Amino acid sequence: MPVLNDAATLVIGSGNYLTAPTGTPIPPDLLTPVSPWENVGHTSLDDIFGISSDGGDATTIGTLQNKSLRTKYAARTETMAVTLQQFDVAGLKLYYGSNAPILSDGSVGVPSDPTPTTCAFLAVFVDGEAHFAFYAPKAEIYRADDLSISDTESLAGLPIGIKPLAYGSNDWTYAVTPLGGAPTVATGATAGTPGAFTPVGALTPMDLADLGDVTANPATAWTTGQYVVLGDSSSAHWDGDSWVTGTAGA
């Protein structure tokens, strides 16, 4: 049952937005993300962050005996909103499209048929000693609104939208870290069809190389059909000595 937790409240003091190649796992240290994560640059102090959604309409399904037996919800798509205030090539391409050409004079051409930037996305917010993040292993980034420069005293901005997408076999599009730190890294894996990583809620190792510090349970060779699913949608099993790609006995 929920309890009052003063430490779980949030007042944003600072933050950063970062991108990386699609599928890049969330960094273990959110405060010092390293390559391939790259900062998108300066963003608005007034319009910090927002999430809007489309879809999710509810349909009531009934029977002759109970006209409101259950409710079915349509798929919902969500878009995160950030206002860039850095008009360099990287920022302009996030706004106008990844296929925006760099012209011979160094200017950025606005494509007639723009292509969104597809990448992993990370938003990290800091509140004193605490920090909080949104992470999408795959997202499309493109302009969210028209460009408008209304006065000579405010920093101009490029409104962009980040649309999280399902990655690989994930049944989620983005993750939200509990206030206070990075998610727990998996330390164990229990055999199954498929198996599960422990502790519960831990990050799924991205690939076979990430299983190096993960302890198999049981420690003997897993039996035919047992495996775990990795973050890149591949599978692996324990052969009694090391982690091996694929399903045991396959």
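Two strands, S8 (130-143) and S10 (175-176), each supply at least two residues of the lining of the largest pocket, where strands are DSSP runs of E, at least two residues long, numbered from the N terminus. Before I go on, this is a predicted model, in which local features need pLDDT of at least 70 and side-chain atom pairs count only at pLDDT 80 or more, while totals for chains, interfaces and linings use all residues. Residues are numbered from 1 along each chain as its sequence is written, and side-chain values use heavy atoms, with hydrogens and water left out.

A pocket here is an open set of points on a 1 Å grid over the protein atoms alone, where a 1.4 Å probe fits, with protein on both sides within 12 Å along at least five of seven lines, and a lining residue has an atom within 4 Å of a point. The largest pocket holds about 830 Å³ of space, a volume being the space filled by probe spheres set on the points, which are joined across faces, edges and corners. Its lining comprises 33 residues, and nearest the centre lie Ala 202, Leu 203, Thr 204, Pro 205 and Met 206. By class that lining has 22 nonpolar, 8 polar and 3 charged residues, with Ala, Val, Leu, Ile, Met, Phe, Trp, Tyr, Cys and Pro counted as nonpolar, Asp, Glu, Lys and Arg as charged, and the others, Gly among them, as polar.

The second largest pocket holds about 330 Å³, and of its 15 lining residues Gln 85, Ser 154, Leu 155, Ala 156 and Gly 157 lie nearest the centre. The class counts for this second lining are 5 nonpolar, 7 polar and 3 charged.

Let me turn to the aromatic rings. Rings of Phe, Tyr and Trp (the six-membered ring for Trp) pair if their centres lie within 6.5 Å, and planes under 30 degrees apart count as stacked, over 60 as edge-to-face and the rest as tilted; by this rule there are 12 aromatic pairs. In one of them, Phe 49 and Phe 125 have ring centres 5.4 Å apart and planes at 65 degrees, so the pair is edge-to-face. Phe 49 sits in the loop between strand S2 (38-39) and strand S3 (50-55), whereas Phe 125 belongs to strand S7 (residues 117-127), so the pair ties together parts that are 76 residues apart in sequence. Phe 49 is partly exposed at 24% relative accessibility, while Phe 125 is buried at 3%, buried meaning under 20% relative accessible area, exposed over 50%, and partly exposed in between, with a 1.4 Å probe and protein chains only. Both rings belong to one aromatic cluster, formed by Tyr 17, Phe 49, Phe 121, Phe 125, Phe 132, Phe 134 and Tyr 174.

Finally, the sheets, in which two strands pair if DSSP finds at least two bridges between them. S14 pairs with strand S15 (residues 235-238) over 2 bridges in the antiparallel sense, and Val 229 stands opposite Ser 235 in S15. Another open sheet of 3 strands has the order S12-S11-S13, with mixed pairing, and its edge strands are S12 (196-198) and S13, each pairing on one side only. Here strand S11 (residues 188-190) pairs with S13 in the parallel sense over 3 bridges, and Ala 189 has Ala 216 as its bridge partner in S13.

Methods:
Helix = DSSP H or I, 4+ residues; strand = E, 2+ residues; numbered from the N terminus.
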